[in-house]
Amino acid sequence: MNGESENREWTADEKRLFEDLMPEDLNEIINSGFNRRHFLKLMSIAGTGVLTAHLLGTEQLLARPLSPPYTGNLSAGVENGVKVSFIVNGTKTNLVVDPRMTLLDALRERMELTGTKKGCDQGQCGACTVIADGKRILSCLTLAAGCEDKSITTIEGIGEGNNIHPIQASFIKHDGFQCGYCTPGQICSAVALLHEAKNGDASYVTADMRKRPAALLLSEHEIRERMSGNICRCGAYANIVAAIREVQSGKAVEQNWNEI
């Protein structure tokens with residue numbers, strides 16, 4: 001949403017959300033766009049629980065990408081550059097990159113897709129998780145030049161506009177984010193996890209890998225194991241597990257506040 005044009009059409013629910021919660025910023029948001037300062041202010045309000053009364057407007061707002069699709073010159077001159085062609089969020093993309101550039105830096109610095117976060121930059125926290133050809137990967141450990149012909153999905157490509165992904169809706173319902181920094185990686189990882197379970201892919205804690213069914217119904221223990229590569233420093237693990245389990249099982253899940 002950072003740098004959105006003045007022609008952005010806000011929905012009635014979104015305008016009502018801004019008018020009720022951020023009246024002093026309303027004109028600036030409508031005229032100049034919703035930037036990260038506004039986003040952080042909105043998230044600080046979330047800590048008071050006020051946003052629960054404005055759930056629809058919040059869902060619509062969080063479904064929008066923080067950055068617009070990049071339409072500039074993606075093949076700017078790079079010394080000793082390597083040409084790479086791949087699909088990012090459904091759009092064919094051609095880049096000339098430094099052979100040492102990671103996919104994370106290519107997404108953030110070259111394509112302005114800043115939803116994917118740089119946390120530890122060492123492959124330990126999972127904040128940079130994206131989906132490549134249906135499998136989750138750590139973009140901070142993946143060279144952009146090695147992604148030739150791959151299909152990459154970032155958080156900006158999860159859901160379309162107001163049609164958010166069921167995982168995103170469940171994260172909102174179960175309050176699966178607090179500061180929100182790890183959330184893009186958590187959601188990308190959770191979306192890929194649903195495909196893994198549907199395909200019957202085993203994990204370290206799968207009871208019998210030889211007799212696993214085509215599709216797996218994941219227990220809480222399985223979900224925790226499969227999401228263990230995504231760290232939430234705020235400690236919202238119980239909420240995250242409940243959100244994923246509800247979507248994966250198709251049944252309402254009550255949170256267990258005795259577990260973290």
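The following dialogue explains how to read several features of a predicted protein model.

Q: What kind of model is this, and how are its residues numbered?
A: The model is predicted, so local features need pLDDT of at least 70 and side-chain atom pairs count only at pLDDT 80 or more, whereas totals for chains, interfaces and linings use all residues. Residues are numbered from 1 along each chain as its sequence is written, and side-chain values use heavy atoms, with hydrogens and water left out.

Q: How many helices and strands does the protein chain have, and in what pattern?
A: Helices (H or I, at least four residues) and strands (E, at least two) are DSSP runs, numbered from the N terminus. The protein chain has 9 helices and 5 strands. Along the sequence they follow the pattern α-α-α-α-β-β-α-β-β-β-α-α-α-α.

Q: What share of the residues is buried?
A: A residue is buried under 20% relative accessible area, exposed over 50%, and partly exposed in between (1.4 Å probe, protein chains only). Of the 260 residues in the protein chain, 45% are buried.

Q: Which residues of helix α1 are buried, and where do they lie around the axis?
A: An α-helix has 3.6 residues a turn, so residues three or four places apart point the same way. In α1 (residues 12-21), the buried residues are Glu14, Leu17, Phe18 and Leu21. They cover an arc of only 95° around the axis, which puts them on the same side of α1; the arc is that of the directions from the helix axis to the C-beta atoms.

Q: At what angle do α6 and α7 pack, and how far apart are their axes?
A: Axes are lines fitted to C-alpha atoms, for helices over the stretch in contact, and angles run from 0 to 180 degrees between N-to-C directions. Helix α6 (residues 166-173) packs against helix α7 (residues 183-199) at about 125°, with the axes 10 Å apart. That angle makes α6 oblique to α7; angles under 35 degrees count as roughly parallel, over 145 as roughly antiparallel, 65 to 115 as roughly perpendicular and the rest as oblique.

Q: Which residues make the contact of α6 with α7?
A: Contact means heavy atoms within 4.5 Å. Ile167, Gln168 and Phe171 of α6 meet residues of α7 including Ile187, Ala190 and Leu194.

Q: How do α6 and α7 each meet helix α9?
A: The axes of α6 and α9 come within 9 Å and cross at roughly 135°, and these two helices are therefore oblique to each other. Their contact residues divide into 7 nonpolar, 1 polar and 2 charged. The axes of α7 and α9 (residues 237-249) come within 11 Å and cross at roughly 35°. That contact joins Gln186, Ala190, Leu193, Leu194 and Ala197 of α7 to Ile240, Ile244, Val247 and Gln248 of α9.

Notes
Nonpolar A, V, L, I, M, F, W, Y, C, P; charged D, E, K, R; others polar.
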